[in-house]
Amino acid sequence: MYESTYVDVYDLVMRNRPKDYEKEAASVVEVIRERNGSARSLLDVACGTGLHLRYLADAFDSVEGVDLSPDMLALARKRIPRATFSQGDMRTLDRGAKFSAVTCLFAIPHLSSEKELKKTVRSLVDHLEPGGVVVVEPWFTPEQFLPGYIASDVVKDGDRVVHRLSHSVLVGPQEVKMTIHYAVAETDRGIRNVTRTVDMTLFTDAQYEEAFRDAGCAAEFLPLPAFTRGVWVAQR
């Protein structure tokens, strides 16, 4: 759903939500430094438009972002000129390099199965140096999910108003179908509408733990105050 026409709209809504990217990034850096005080490089997987990476970049000598969407990456490059960016799939990622830290913030629920979760976690861990730290932000567990949940965001930006609506329904024991609708009103272009459906997965704590064990790491869940749903952390 992140074609070039709507990446700027997506970015506008995401950065105006009641979500403190700077605080979340600082919390991630603290977790990494506590476990690897000499960490100098960071890879942000599924970096999107760089809303976290722009703050993470200040804490490391070198940073790299990877995302599946070239249009997301184009905006991220403008936001963080000193970072390196490349297109890639988190399930099959192979950058040919190792990093002191690897982050994957909120992208995990877009995976479709436990098999894909294991492949992705192994991919993240495989990019760590010895002693490197990986931080993964989860979504809801099956027990936490609220069927029929509706979210609404309205953002005013100069002569443009964007209204984002989403509705999420449970279509299987752990499978969620989220319908997302954007209405974009602009003084010179009138009103545009786009609706997309996104499939997401509710992974259990046990599935996260097993995925990290399968990748050769023992993971720890940290209920960090900066993150609504905490983070999973592991060290190689």
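The questions and answers below concern a predicted model, taking its sheet, its helices and its salt bridges in turn.

User: In what order do the seven strands of the open sheet lie, and which are the edge strands?

Analyst: The sheet is open and its pairing is mixed, with a twist that averages 20 degrees from one strand to the next. Its seven strands follow the order 3-2-1-4-5-11-10. Pairing on one side only marks the edge strands, which are strand 3 and strand 10 (219-222).

User: How do strand 1 and strand 4 run, and which residue is the bridge partner of L43 in strand 4?

Analyst: Strand 1 (residues 41-45) is joined to strand 4 by three bridges, and the two run parallel. Within strand 4, the bridge partner of L43 is V102.

User: Which strands does helix 5 lie across, and at about what angle does it run to strand 5?

Analyst: Helix 5 lies across strand 1, strand 4 and strand 5 (128-137). Its buried residues are covered by elements that include these strands and helix 6. Relative to strand 5, helix 5 runs at about 140 degrees.

User: What span should the 13 residues of helix 5 have, and how far apart are its end C-alpha atoms?

Analyst: Helix 5 covers residues 114-126, and at 1.5 Å a residue its 13 residues should span 18 Å.

User: Which residues of helix 5 are buried?

Analyst: A residue counts as buried when its relative accessible area is under 20%, and E116, for instance, is buried with a value of 16%. The cover over the buried residues of helix 5 includes strand 1, strand 4, strand 5 and helix 6. The buried residues of helix 5 are E116, L117, T120, V121, S123, L124 and V125.

User: Which strands does helix 6 touch, and about what angle does its direction make with that of strand 11?

Analyst: Helix 6 (residues 205-214) packs on the sheet, where it touches strand 5, strand 10 and strand 11 (231-235). The direction of helix 6 makes an angle with that of strand 11 of about 20 degrees.

User: Which parts of the chain does the salt bridge between R160 and D8 tie together, and how many residues apart are they in sequence?

Analyst: The closest N and O atoms of R160 and D8 are 3.2 Å apart, and D8, D157 and R160 are linked in a network of salt bridges. R160 is buried, with a relative accessible area of 13%, whereas D8 is partly exposed at 33%. Because R160 lies in strand 7 (residues 160-170) and D8 in helix 1 (residues 4-15), the pair ties together parts whose separation in sequence is 152 residues.

User: Where do E64 and R95 lie, and how many residues apart in sequence are the parts they tie together?

Analyst: E64 and R95 form a salt bridge whose closest N and O atoms are 2.4 Å apart. E64 lies in strand 2 (residues 62-67), and R95 lies in the loop between strand 3 (84-87) and strand 4 (99-105). E64 is buried, with a relative accessible area of 10%, while R95 is partly exposed at 30%. The parts that this pair ties together are 31 residues apart in sequence.

User: Which residues is S86 in contact with, leaving aside its neighbours within four places in sequence?

Analyst: S86 is found in strand 3 and is buried, with a relative accessible area of 11%. Apart from neighbours within four places in sequence, the contacts of S86 are E64, G65, V66, D67, L73, R77 and R95.

Key. Residues numbered from 1 in each chain as written. Predicted model: local features only at pLDDT ≥ 70, side-chain atom pairs only at ≥ 80, totals over all residues. Heavy atoms only, no water. Salt bridge = Lys/Arg side-chain N within 4 Å of Asp/Glu carboxyl O. Helix = DSSP H or I, 4+ residues; strand = E, 2+ residues; numbered from the N terminus. Buried < 20%, exposed > 50% of the residue type's maximum accessible area, 1.4 Å probe, protein only. Pairing = 2+ DSSP bridges. Axes fitted to C-alpha atoms, helices over the stretch in contact; angles between N-to-C directions. Contact = heavy atoms within 4.5 Å. Expected span 1.5 Å × (residues − 1).
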